[in-house]
Amino acid sequence: MSSELLVELTDAWQKWQEGDTTSRVRAGLSLLLPIFCLLSCDTGQVEHGAPSVLFHDVTESAGIRFRHTNGSSGRKYVVETMGSGAAALDYDMDGNIDLYVVDSGSLPGYAKTTPVTGNALLGNDGALAGWTFTDHAAEFGVDDRGYGMGVTVGDYDNDQDPDIFVTNVGPNRLFRNEGPATRFMDRSAISDVGQDTSWSTGAAFADVDLDGDLDLYVANYLQLSFPPADSGLSRPRRHIAPTEYPGRRDFLYRNDEDGSFVDITEAAGLLSLEGRQLGVIFLDIDEDGDPDLFQGNDATPNALYRNEGDGTFVEVGLLAGVAFNGSGQPEGTMGVDAGDVDGDGLQDLVMTNFQWESNTLYRALSAGGFGDASRESGLGGPSFDRLAFGINLVDVDNDGDQDLFVANGHIDEDIERFDPQAAYGQPDQLFLNDGGGRFADVSGTAGLAFEAPFVSRGSVAFDYDNDGDQDLFVVNSGQPARLLRNDSSTNNHWLAIEPVGRVSNRNGYGARVRVVCAGHGWLQEHRSGVSYLSQDDPRLHFGLGSCTAVDSVNIRWPSGHSQSVTAVAVDRVLRIEEPEYSGVVVLPSATQVIPTSGPVELDSLGIATTWERAPMVLPTEVRAKRDVPELDAARNAYESAPPNGDPSIRMEYAEALRLNRHHDEAEAIYVQALRAPETQAVANVGLGQLELSRGDLPAAQSRYRDAIAADDGLAEPHYFTGNLLVRQGDLAAAVLSYERALERDPTHLGSYVNLASVHARQTDYGPAVETLRRGIRVLADAGELRQQLARILFVQARYDEAAEQLRQLIDDGKATAGVFALLARVEADGGHPDKSLQWLRLGLQEHTDDAQLSTRLGVALVERQSRRDALPHLQRAVALDADQEEARYHLGRLYLQLGMQAAGEATLALFQRLQRHHTDILDFKTAIVLNPDDAQAYFALGAVYSRLGRLTAASQAYRAALTINRSHLDALNNLGNIHLRRREVDDALRVFGQLLERDSTYVRGHNGLGSAWVLAGNPTRAAASFRKALELDPQYGPARAALARLRAGAGGR
């Protein structure tokens, strides 16, 4: 028997003897078993039992009275809905785990119905007091009254007691523990970590430079400001999306051992203004002994920073596969945790997301490489209809694998008004792991504690009653917190490890602990902050299944030293101190080096050239043949009609002129029609469409208003007004306009389609489904309504209903390529991968050149590990449609997996560029779908493609704008610039010449013409063009700079 083990057993036995009979009942068996096993027990093979998992809400009986204050007043400040976290710690070092719980507080307009008491320090009174808690926050000086968010705990001064760091909206707080049974001292100002006054969220202690003390990382969320106090009550419809606010920088503070922290964020390579950071966690992704940083971002790509071991970090999230989900999309990451969920010895990542996004499991495929395994792990489907915050990997049944707790709750207190499928309060969830990383939702059988809806935020896993199973503590926004006691019935064993560093940091954060029993091993890393703004039990808990004696506990300390304790009894807490060592320790090298994105020298696949030459691909609705009236027939009918004949003939002719893009002639006819009361409304609608084609949105809106004033019984002006409002981003007003159109014409197909789309865009899926079902009742043959309904049902994980709609379309012979692609996704996510492949192959037989089907088939083959077979399908998908983000993301990942490093890096770099402009491309293509004659939308799309380096697509978009509106001088100028970038001198001279023929005062045209003459080798004519530009605008900098370069070049010669 090891000396450490004997000391621990002796101490435990003495503590047990000193208690009364009541205190011994629950603890006695767990203390006696190790001693009996040392004498007579054999170590058996580890097995998974069939436990009965059960939790009870014991908040009241445990004496916990904490109620979170969110400060809400109906104004829907984004901060009021974010809630707060909590941390488990043993602040008084008595062996019983206490809780520090963060409160938020008042906001402008908040009516205090209950007093704001500040943060709570809930001391665990132990077995003699029946495992109850007493709040000592005021007594110990940690009842911070700031608007609190998160907490992390660590012994930053290495004095053998835990210190507390609290994140706030406003100055953060660092409380140094002055020793058991004494006070904490606020060291925020002295240590410099309280200087930032912005909105901090997640935080974590870690020894990032491995110098033996804890450094501190602090995440920040958004740049937030409140309106003036006298601005009155405004009740917005929904909380504003985080992307509507600027991001905020984060902080990495180096511990200088003298009680001060130094901001080294920029020097360490961590400074970023792009993230909207919530959950953060340190883990060693490449197994090289130093802590790397995962940063969970809300509605923004996640970041993974690899510690280079030289004081710097490198962001590798995209190449590692954790920045985007499996569809190549960023998610609304809230809370995060890490652990080995499938028993392969690698740390996987789990995180919570927004409603109608699944919670995500990024399974480690290698040291430093991850793949989205949310669907196949069983986490995807059950989490779609929840909005989740807290998340904890925790072995609730002690069978040796990491189960999962998820804390749920919406952000909008009146969400039911907009989405009947959603709810503000939502039951939390518990998932059991089958040992291989597949999870089953057992919330329905885990007790009443998992049936009641709450608005849950931060969550903590800890063993508060020291009975060997993991209990749960949950902070609820604006509601009482909950303590859920684990009363599961199992025969499984356990071991809790408390690492104590002596050369390493005192907490041992960063230590990797491996427990071995009968050839089976379990690996955990010791860390601080986890979940959502929270921190778990300071002891590492290992469920052991049927293992009755542990062969060894092996620790790799952050110092680089290794330590092993053998023949360890089970069902106990084992405190292991790092021995003092002398000599130099060489840290392990990274198991796999994750490459960083940089210049790619090798491009044998022609990736860059193909990207530059990729054509513009518009949505199917636009590519379909337009129903354009035959102009000659309309003209003949108009000219042969008597002067006072049927006014509809005149309107049909005007419409034919407009759709054939004879805009000036059409306008003249429409203006004539305004004089007749019976055609005034229709003429205004036509004029509105003309104004929209010219890019004059206010004028178009005015025309639609005039049409409604002339005849409010028409659906069309309301419909087009709705389209215009979507274009302007006013979705709430667009909904009203589409509803008015349907009131006037219940068979108006476009209004059903667009109304449902607007609802879905705001994640109001309930109203979207109702709109589409209403449309199908009236327009049973409208296949687009069924397809759109199926898409929304799929997003809601209502797979059977979605499949029913899609199969109906196939049976009716109305299956587009999108129908086959969507049905394949429905079958795959519903657990039928073979059916999914069948539908994809059938779809490609009928639609051989569809990029979406090729993408889906490629992804499906990758998931089946058929990587070589997947490659041509993904390559074809991006060749067919360069905007296919999902295809490009998976193609880049596949290149890396196949060892094609340069191709992988180049492809993912292009994917990332696409992602940055995703919203713009989507918005402008949507505008073109709504009105294929929207010249300004084509122009804006061309500008996006130009910024992306997609010059062929940009040229096509500018030409489309000019086809619609030949007076669009900006489009003509930009087309000339494309020719300049391609060194197409003659074409550039021709285009700029045309531009200046139409408007000789167009300054940029003269500048462009000058640049073209430079390329043509004619500096004299170039200088004349630049001087003309300056004559028109003396402040025009590009022309002045070009002239200076010409003069410098002439002088040099």
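Some ground rules. Residues are numbered from 1 along each chain as its sequence is written, and side-chain values use heavy atoms, without hydrogens or water. Because the model is predicted, local features need pLDDT of at least 70 and side-chain atom pairs count only at pLDDT 80 or more, while totals for chains, interfaces and linings use all residues.

Domains to begin with. The assignment, which is automatic or from a database, gives domain 1 (55-226 + 238-526) and domain 2 (931-1051). Their C-alpha centres lie 54 Å apart.

Now the cavities. How many of 30 Å³ or more does the structure hold? Six. A cavity here is a set of points, on a 1 Å grid over the protein atoms alone, where a 1.4 Å probe fits but cannot get out; lining residues have an atom within 4 Å of a point. Volume is the space filled by probe spheres set on the points, which are joined across faces, edges and corners.

The largest cavity has about 350 Å³. It has 26 lining residues, and Leu393, Gln524, Glu525, Asp536 and Leu540 are the closest to its centre. Strands S18 (336-339), S22 (388-394), S31 (520-525) and S34 (540-545) each give two or more residues to that lining. Strands (E, at least two residues) and helices (H or I, at least four) are DSSP runs, numbered from the N terminus. By class, the lining has nine nonpolar, nine polar and eight charged residues. Nonpolar means Ala, Val, Leu, Ile, Met, Phe, Trp, Tyr, Cys and Pro; charged means Asp, Glu, Lys and Arg; the others, Gly among them, are polar.

The second largest cavity is at about 120 Å³. Its lining has 18 residues, with Phe282, Pro291, Tyr509, Gly510 and His526 nearest the centre. That lining splits into eight nonpolar, four polar and six charged.

Next, a helix pair. H21 (residues 833-846) packs with H22 (residues 851-863) at about 145 degrees, axes 10 Å apart. Axes are lines fitted to C-alpha atoms, for helices over the stretch in contact, and angles run from 0 to 180 degrees between N-to-C directions. Which residues of H21 meet H22? Leu837, Leu840, Arg841, Gly843 and Leu844 do, against Leu853, Ser854, Arg856, Leu857, Ala860 and Leu861. Contact means heavy atoms within 4.5 Å.

Last, two loop residues. Thr763, between helices H16 (749-761) and H17 (765-778), has a positive phi near 55 degrees and is not a glycine. Arg983 sits in the loop between H29 (969-981) and H30 (985-998). Its phi is positive too, about 60 degrees, and Arg983 is not a glycine either.

Key. 1 Å grid on protein atoms, 1.4 Å probe; cavity = no way out; pocket = protein on both sides within 12 Å on 5 of 7 lines; lining within 4 Å.
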